[in-house]
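Here's a quick tour of one model, from a loop to the salt bridges and then the surface. Have the structure open while you read.

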Amino acid sequence: MATSGHELEPFPTITDSNNTNNGKVESSPNPAAALAHHGGATGDVARTRAISKPSSVAGIVRTLSQEFEESRPHEGLMAATGDIVSSVVADQERHRRATAASSEDTTLATPTEQENGGSVREHTEPFANGYHFPPKYPWKESTRHGLASFWKFFMTPMGAFWTIYGLNVVAWGGMLFLLLCNAAPAMCTPDCNDIDSPRRRWVEYDSQVLTALFCVTAFGLAPWRFRDLWYLLKYRVNGDYTGLRRLAGIHRSWFRLEGSQDLPNDIGPPDNIPETLPEAVVPIPAKHMPNAPLTGSRAPATSVWKLDFIIWSMVLNTFAQCGLCGIMWGMNRYDRPSWTTGFLVALGMVIAIVGGLAMFYEGKHVKSIEGVPCSDRDLKKLAADEEKGLPHYNNIKDKKPKIKVKDLEANPEKNSEKNSEKNPEKK
């Protein structure tokens, strides 16, 4: 009978304590004798390995489950469903490196004051910590950088796949649109609405291909969508605030928890997350909390109804695709009601696009307040334009902010300043 020590040692050594030379372990000259010396531990090894397999599989499952709880789908998959990923076409937002603004950078990034009053300088000065938003580039330069960034994306396996996928959606969708507009009269034989006419057959072919293409995104994103819905229902139905904190970590690019706007501006991952922070303002996991704002100002808390709207939009898109698949593949074109295909296709697309646009604009709103990291190219352009005397407005659009009517009523000086800028000859 094996001892307890053998049960704890899944791979017993085949050396003996006598087979040492000056502290160096030497292998036994007779392995068979060594195995016999261990009292039949071979059977224990087999049993231990058999017991350890389920535990290792369980560990892998736990690890994958934890990674899934915190993961986000691939950017190409999100872009294909209406979540606008400007990083695919805009190099300055995809490959930016956060650059600490030194005193020299602050001096170079301060545009000069123009002659028409101090209004231009008021909106072009850096923030108190020296941060300046990236400058706006001419359209030719932006196009060139965008194409270069897209080429880098396309040269990756996933980039090539999603590019080809998108081209198929555009091509088959465009063909379906032209057929519905009767753009090919030669296909109307004997009549455009005849069920056996070439036009109606190709409408069916296009619809089937588009249905299959939409399944890739609607069902490919389904695990993440229903995970988000589960966390949302935990918060809405059970009142479990951890569900909302989980969602805040997943959607950290645009969602902010209530109370997070009051945190000190230097708090953020990866190195400055004090353990004394209130749990209600820290996402789960804490490493997914928003970075410290570059502008020194935090975005206000996001309304939870916006999170409801976006998550339910994506879930309803999957449900609409289920209905479309049932109609398209469960019925033939002779028995299928003609209105169902167009209705479900339009419903699924509109829901996904509206949800994606809402996510995009919320993210843009957060960036307009907390800032966007500047690349070396941005700092060089700011410095070059500073030498030329060309100012850049210090906001995400690099445009002069519009003065609201209520602000003009509260501050008459701005009103007179605005009129002087419109009519400089009166000055």
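Let's start with proline 300, which sits in the loop between helix H12 (241-250) and helix H13 (304-330). Helices here are DSSP runs (H or I, at least four residues), numbered from the N terminus. Proline 300 is partly exposed, at 41% relative accessibility; buried means under 20% relative accessible area, exposed over 50%, and partly exposed in between (1.4 Å probe, protein chains only). Its C-alpha atom is 8.5 Å from that of leucine 257, 43 residues away along the chain.

A word on ground rules: this is a predicted model, where local features need pLDDT of at least 70 and side-chain atom pairs count only at pLDDT 80 or more, while totals for chains, interfaces and linings use all residues. Residues are numbered from 1 along each chain as its sequence is written, and side-chain values use heavy atoms, with hydrogens and water left out.

Now the salt bridges (a side-chain nitrogen of Lys or Arg within 4 Å of a carboxyl oxygen of Asp or Glu). The whole structure has 9 of them, including these:

| Pair | N to O distance |
|---|---|
| aspartate 196 and arginine 333 | 3.4 Å |
| arginine 227 and aspartate 228 | 3.1 Å |
| arginine 256 and glutamate 370 | 3.1 Å |

Arginine 256 is in the loop between H12 and H13 and glutamate 370 is in helix H14, so this pair ties together parts 114 residues apart in sequence. Arginine 256 is buried at 6% relative accessible area, and glutamate 370 is buried too, at 8%.

Patches are made of residues with over 30% relative accessible area and no salt bridge, joining like charges within 9 Å and nonpolar side chains (Val, Leu, Ile, Met, Phe, Trp, Tyr) within 5 Å. Accessible areas come from the Shrake-Rupley method with a 1.4 Å probe, and for residues only the protein chains shown count as cover.

Phe226, Leu233, Val237, Trp312, Leu316 and Phe319 make a nonpolar patch of about 540 Å². Helix H11 (222-236) and H13 each give two or more residues to this patch, with H13 supplying the largest share, 3 residues. Phenylalanine 226, in helix H11, is partly exposed at 34% relative accessibility.
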